[in-house]
Amino acid sequence: MLTPKYPPQDTAPPPAPVAPVTLAVTPAAPTPAPVAPASTRPTVQLTPGSALALAAGGGAVVLVVGAVLVSLLLAVAITGVSIAVVAVVLRGMLNDMRKGR
C-alpha cells in the first residue's frame with residue numbers, strides 16, 4: 001500500500017588527495033583548498049497537495065492521540081468513582097454491623 005521512497009545513492013567521487021606542501025624560503029601564495037563537487041540529490045519540494053495531505057495526516061494523529069488520552073482519563077475517573085461508592089457502602093455495612101451487636 002504505502003512504500004517508502006529513498007533518495008538515490010550519492011555517487012559523487014571522493015575528493016582528490018591533497019599533495020603535501022613544501023615550504024620555500026621565499027613566501028609563496030597559498031594554494032586554494034579543493035572544493036567538493038555539489039551533490040546531485042534532488043531537493044524535497046512540497047506541492048500544495050502534499051502539504052495538504054501532510055497537514056491532514058498531522059491533524060488525524062492529533063485527534064487519535066487526543067481520543068486515547070481522553071478515554072484513559074475517563075477510565076481513571078470511572079474507577080475512582082466506583083472505588084468511592086464501594087467505600088461508602090462498606091462503611092455503611094460496617095456501621096450497621098457494629099450497631100446490631
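The questions and answers below go through a predicted model of one protein.

Biologist: What do I need to know about the numbering and the model before I start?
Modeller: Residues are numbered from 1 along each chain as its sequence is written, and side-chain values use heavy atoms, leaving out hydrogens and water. In this predicted model local features need pLDDT of at least 70, and side-chain atom pairs count only at pLDDT 80 or more, while totals for chains, interfaces and linings use all residues.

Biologist: How many helices and strands does the protein have?
Modeller: Helices (H or I, at least four residues) and strands (E, at least two) are DSSP runs, numbered from the N terminus. By that count the secondary structure comes to 1 helix and 0 strands.

Biologist: Is the protein a compact globule or more spread out, and what is its radius of gyration?
Modeller: The radius is taken over C-alpha atoms, and the globule rule is 2.2 Å times the number of residues to the power 0.38. For 101 residues the rule gives 13 Å, and the protein is well over that, so it is more spread out than a compact globule, with a radius of gyration of 36 Å.

Biologist: Is Pro-20 buried or exposed?
Modeller: Pro-20 is found in the segment before α1. Buried means under 20% relative accessible area, exposed over 50%, and partly exposed in between (1.4 Å probe, protein chains only). Because its relative accessible area is 77%, Pro-20 is exposed.

Biologist: Is Ala-51 exposed or partly exposed?
Modeller: Ala-51 is found in helix α1. Its relative accessible area is 32%, so Ala-51 is partly exposed.

Biologist: How far apart in space are Ala-51 and Asp-96?
Modeller: In sequence, Ala-51 and Asp-96 are 45 residues apart. From C-alpha to C-alpha, their separation in space is 68 Å.

Biologist: What percentage of the residues count as buried?
Modeller: The C-alpha trace spans about 115 × 45 × 20 Å along its principal axes. Of the 101 residues of the protein, the share that count as buried is 0%.
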